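This report describes the architecture of one protein model, from its overall fold to selected residues. Please consult the sequence and coordinates alongside the text.

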Amino acid sequence: MIRRSALKWLRWLSLALIAYFYLVEPEENSAAPGLALATYAGVGLILALVVLILIAIYLRNGLAGRAGPKLPGWAKRFHGLNHRVLQIGLPIMVATGALAGMLASFAIRAFGVVPINPAAGSRNLHELAEDLHEIAFDALLIVIVLHGVFHLWRHFLLKDNARRIMVPKLLHKYL
């Protein structure tokens, strides 16, 4: 698998994991809150691994794509800025989530197996870290939505095939 294709799959995987976090709140699961938190932490661990790989690729090779030739000047600037904010915002969001987990005063085990924290944090620091994580997460969601809208604009109005650039080749027949 070539680097560009692997990068596309990793980005779509990270989007799917972020969608999971958007849809699932462990506190809202009254049936098995401990199991929900363990799954939430496990998915967070998987996202952290994906983000580490994406950061390594970014630090080694820089941005994978460049602005297309059909883009006007403002769109070229937005393209670069938006991609850089995503490259910075995703690790910040993951780091704030990890911090919230580390500062919890109760034990958290990813998927009920992998210990996440020493369960020695304070309630106030944990709540502060959760608030910071929620702000980072909400800001990242806004950037992701802007990113998607921008590329849909490119695809449908500029007709520069932006969707095909963004998805793995295996899925091109569905576009």
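## Basis of the model

The model is predicted; local features need pLDDT of at least 70 and side-chain atom pairs count only at pLDDT 80 or more, whereas totals for chains, interfaces and linings use all residues. Residues are numbered from 1 along each chain as its sequence is written, and side-chain values use heavy atoms, with hydrogens and water left out.

## Overall architecture

Five helices and two strands make up the secondary structure of the protein, in the sequence order α-α-α-β-β-α-α. These elements are DSSP runs numbered from the N terminus, with helices (H or I) of at least four residues and strands (E) of at least two. Along the principal axes, the C-alpha atoms fill a box of roughly 55 × 35 × 30 Å.

Of the 175 residues, 33% are buried; buried denotes under 20% relative accessible area, exposed over 50%, and partly exposed in between, with a 1.4 Å probe and protein chains only. Contacts (heavy atoms within 4.5 Å) between residues at least 6 apart in sequence join residues at least 24 apart in 65% of cases.

## Surface and charge

The protein exposes about 10,800 Å², of which carbon and sulfur atoms supply 68%. Accessible areas follow the Shrake-Rupley method with a 1.4 Å probe, and for residues only the protein chains shown count as cover.

There are 18 positive and 9 negative side chains, and the centres of the two sets lie 27 Å apart. Lys and Arg count as positive and Asp and Glu as negative, while His and the chain ends are not counted; each charge is placed at NZ of Lys, CZ of Arg, CG of Asp or CD of Glu.

Helix α4 spans residues 123-158 and has 36 residues; its first and last C-alpha atoms are 51 Å apart, close to the 52 Å expected at 1.5 Å a residue. The expected span is 1.5 Å times one less than the number of residues. Buried positions in α4 include His 126, His 133, Phe 137, Leu 140, His 147, Phe 150, His 151 and His 155. Among the elements covering the buried residues of α4 are α1 (3-23), α3 (73-102) and α5 (162-166).

Helix α1 has 21 residues and reaches 30 Å between its end C-alpha atoms, close to the expected 30 Å. Its buried residues are Leu 7, Lys 8, Leu 10, Ser 14, Leu 17, Ile 18 and Phe 21. An α-helix has 3.6 residues a turn, so residues three or four places apart point the same way.

## Buried polar residues

His 147 lies in helix α4 and is buried at 14% relative accessible area. Its side chain makes a polar contact of 2.6 Å with that of Asn 82; such a contact is a pair of N or O atoms within 3.5 Å, where within protein one must be able to donate a hydrogen and the other to accept it, and residues adjacent in sequence count only if both atoms are side-chain atoms. Leaving aside residues up to four places away in sequence, His 147 touches Asn 82, His 83, Leu 86 and Met 166.

Gln 87, in helix α3, is buried at 18% relative accessibility. With the exclusion of residues up to four places away in sequence, Gln 87 touches Arg 11, Leu 54, Tyr 58 and Leu 63.

## Positive phi angles

Most residues other than glycine have a negative phi. Phe 111, although not a glycine, has a positive phi of about 55 degrees. Phe 111 sits in the loop between β1 (109-110) and β2 (114-115) and is partly exposed at 46%.

Lys 159, also not a glycine, has a positive phi of about 55 degrees.
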